[in-house]
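Please keep the sequence and the 3D view at hand while reading.

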Amino acid sequence: MPTIEYVYSAHSAFAYIGSAKLNAICTAHKVTLTHRPILLSPVVQAQRSQPFRNRTQANVGYFFGREIERWAEYRDVPIITFRPTFHDADYSLASGLILALGDSGPAPDKLAHRLLEAHWRDDADLSDTDTLKKIATELGHDADALVAEASSTRIQAKLQENTDWAIAQNIFGSPTYIVEGDPFYGQDHLELVERALTKPFAPTRWQNPPVA
């Protein structure tokens, strides 16, 4: 069975916008989704990308505003009309909930989508334990046990391992989808991801001069 390595942060706008489409692709092509939730800031910083606070207002308005609006409309995804109130909160526990359910299967698939949806549709605080327990309960999990496991040293170490791995793999940000070692960055590449599942793209031959 083919697999897609799904590298994302649990609070990513574009991971949310692409989530339903990604799951539909996996169902249509009988693909196993391997979840690799990460801590996004260290990954972005490793690629020397500008953090949100260092961008111009025009840049933020376009890439973290208009692009979100247009893609949400295109994908028919309900979304709030502002940067989530708690977007800068700690989402390591939310990421741990996904990892506590395993790397693949219906349980992490559904929870990952619901967490993203809660943040970007309902303006939920993904650092709030009660909010996370409510989501876990809605999905039929033992919320107390799942939160305890998610906060454990083992699961939080796995989250850090995913983050370190993403940095070593030169991942740019969230979401990134990897098909047979070929990375596709951004939910706007999901159509290319789907094509790669049936007809892999030719290996790269491109050469660039060194970056200063």
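## Basis of the model

This is a predicted model, in which local features need pLDDT of at least 70 and side-chain atom pairs count only at pLDDT 80 or more, while totals for chains, interfaces and linings use all residues. Residues are numbered from 1 along each chain as its sequence is written, and side-chain values use heavy atoms, with hydrogens and water left out.

## The largest pocket

The largest pocket has a volume of about 1300 Å³. On a 1 Å grid over the protein atoms alone, a pocket is an open set of points where a 1.4 Å probe fits, with protein on both sides within 12 Å along at least five of seven lines; lining residues have an atom within 4 Å of a point. Grid points are joined across faces, edges and corners, and the volume is the space filled by probe spheres set on the points.

Of the 44 lining residues, Phe14, Leu40, Phe52, Phe64 and His87 are the closest to the centre. Two or more lining residues come from each of α1 (13-29), α2 (40-46) and α3 (57-75), and α3 gives the most, with nine. Helices (H or I, at least four residues) and strands (E, at least two) are DSSP runs, numbered from the N terminus. The lining divides into 23 nonpolar, 14 polar and seven charged residues. Here Ala, Val, Leu, Ile, Met, Phe, Trp, Tyr, Cys and Pro count as nonpolar, Asp, Glu, Lys and Arg as charged, and the others, Gly among them, as polar.

## Helix α4

Helix α4 (residues 92-100) is mostly covered, with eight of its nine residues buried; buried means under 20% relative accessible area (1.4 Å probe, protein chains only). These buried residues pack against β1, β2 (32-37), α5, α6 (129-138), α7 (143-150) and α8 (153-168). Just after α4, Gly102 takes a positive phi of about 110°.

Tyr6 lies in strand β1 (residues 3-8) and is buried, with a relative accessible area of 2%. Leaving aside residues up to four places away in sequence, Tyr6 touches residues including Ala15, Leu33, Leu116 and Tyr177; contact means heavy atoms within 4.5 Å. Tyr6 and Pro108 are 102 residues apart in sequence and 11 Å apart in space, C-alpha to C-alpha.

Arg114 belongs to helix α5 (residues 106-121) and counts as buried at 15% relative accessibility. Not counting residues up to four places away in sequence, Arg114 touches Arg121, Asp122, Ile135, Glu138 and Leu139.

Definitions and conventions: Buried means under 20% relative accessible area, exposed over 50%, partly exposed in between (1.4 Å probe, protein chains only).
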